[in-house]
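Hi,

Here is the structure I promised to pass on. Have a look at it first, and then read my notes below.

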Amino acid sequence: MKVRWKTAGALTVAGLIALVSWKCSPIYIIRGGIAEAKILSRRRAISDVVADPRTDSLTRRKLDLVVQARTHADKVLHLRTGASYTTYSWVDSDTLMMVLSAARKDKFEAYTWWFPIVGRVPYKGFFNFDNATREAQKLDAKGYDTYIRPTSAFSTLGWFNDPLLSTLLRYDDVDIVSTVTHELLHNTVFVPSQISFNETFAEFVGNRGAILFFCAREGLAGPKCKLAKSRWHDTLLFGAHLQSLVNGLEQVYNRADLTSAQKIAEREKVFDASRQRFIKEVIPQFQTRDYAGFERATLNNASLISRRLYYDHLDAFEAACNRMHDDLPATIAAITAAVKDHSGEPYSALAKVGA
């Protein structure tokens, strides 16, 4: 299954981890700091890499695309780019880090970790797979669902000048533009302790931004314009399927007449029914193969919470953009202003944008 995870979130950034207080493991801080230092020490200006005759033509072309995507995010979408993605760092593997999520088995209650600046977040990043596995095993032993996924990108929310990592160059052109735009949205606005809103907002801007980028260059008949639109269509469809699954599970978890053990047993029926619905009703509507294989994916509360971070209320962002007459830059500005001026739940502010 191809799931284009855009970011592991701010807590996975070792530069921010170094600010963590005594509540976090000092060993974790040291390991993260070493990994981040290695990334930063390898930074080279993208312009230098492109000009280097030893750089292969494919890498040169993709780096040039990153520069164009960054300029588009700055000049057209008016995102806060700073000096992010002006440098390039090579990493030793296709996966930058592993991200661990955990949750109770009988309700949608994520296990959270606390970090300064970003607040409580429902995941923790590891640069070493074995370390992620050991922590997952500890949580398994305590009765939690766990889920480990890879990520190949991150944002420091503008605290540092994020380099482009070599892991992103394995993506195709549409994914590269979407990912760069996604991460730069995090530089522009980040609501503390509202990880789902932050990630879904970035997912919306990344996908919609890629559509605007390629359709402006190729025209509506261009192949990358069409692919960007098809991916956004499928992302919205997949998000709706996840929400339907979550709704079914919540009906079970909210039943006062069931014990915890009975709820855990009943949820398996919901999982089975969801898989069949995905096969019979959702797959035929997809325009790409980005979500092929989801019917075989691990389903538990941790994996669903982890996935839902990027798909929660995507339709609400799309509706806001429609109310703004499909003007993406104006929509981004309006949502950013609304959440900054709203002291409550950010989705309430989103519902009023363009109304």
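Before anything else, a contact here means heavy atoms within 4.5 Å. With that in hand, 76% of the contacts in the chain with a separation of 6 or more come from residues 24 or more positions apart.

Two housekeeping points. This is a predicted model, where local features need pLDDT of at least 70 and side-chain atom pairs count only at pLDDT 80 or more, while totals for chains, interfaces and linings use all residues. Residues are numbered from 1 along each chain as its sequence is written, and side-chain values use heavy atoms, with hydrogens and water left out.

**The chain overall**

The chain has 13 helices and eight strands; these are DSSP runs (helices are H or I with at least four residues, strands are E with at least two), numbered from the N terminus. Of its 355 residues, 55% count as buried. Buried means under 20% relative accessible area, exposed means over 50%, and partly exposed is in between, using a 1.4 Å probe and protein chains only.

Three strands make an open sheet in the order 6-3-7, with antiparallel pairing. Strand 6 (124-126) and strand 7 are at the edges with a single partner strand each, so one side of each has no neighbour in the sheet. From one strand to the next, the twist averages 25°. Pairing means that DSSP finds at least two bridges between two strands; strand 3 and strand 7 have seven, in the antiparallel sense.

Helix 10 (residues 301-308) lies across strand 3 and strand 7, and runs at about 40° to strand 7. For that angle, axes are lines fitted to C-alpha atoms (for helices over the stretch in contact), and angles run from 0 to 180 degrees between N-to-C directions.

**Salt bridges**

Side chains of opposite charge can pair when their charged atoms come close. I call it a salt bridge when a side-chain nitrogen of Lys or Arg is within 4 Å of a carboxyl oxygen of Asp or Glu. The whole structure has 20 of them, and three are worth a click.

Start with D52 and R54, whose side chains meet at 2.9 Å, N to O. D52 is buried at 9% relative accessibility, whereas R54 is exposed at 72%.

Next, D145 and K105 form a salt bridge, also listed at 2.9 Å, N to O. This one links distant parts of the chain: D145 is in strand 7 (residues 145-151), K105 is in the loop between strand 3 (97-103) and strand 4 (113-115), and the two are 40 residues apart. D145 is buried, with a relative accessible area of 4%, and K105 is partly exposed at 29%.

Then there is the salt bridge of D173 and K224, at 2.6 Å, N to O. D173 belongs to helix 6 (residues 173-188) and K224 to helix 8 (residues 223-253), so the pair ties together parts that are 51 residues apart in sequence. D173 is buried at 7%, while K224 is partly exposed at 30%. Going back to K105 and D145, salt bridges that share partners join them with R267 and E268 into one network.

**More on K224**

What does K224 touch, leaving out residues up to four places away in sequence? The list is R61, D173, V174, F214 and E218. K224 and V174 are 50 residues apart in sequence but 6.6 Å apart in space, C-alpha to C-alpha.

**The disulfide**

A disulfide is counted when a pair of cysteine sulfur atoms is within 2.5 Å, and that rule gives one. The pair is C215 and C225, with sulfur atoms 1.9 Å apart. Their link is right-handed, with 85° about the S-S bond. C215 lies in helix 7 (residues 195-218) and C225 in helix 8, so the pair ties together parts 10 residues apart in sequence. C215 is buried at 15%, and C225 is buried at 0%.

Cheers
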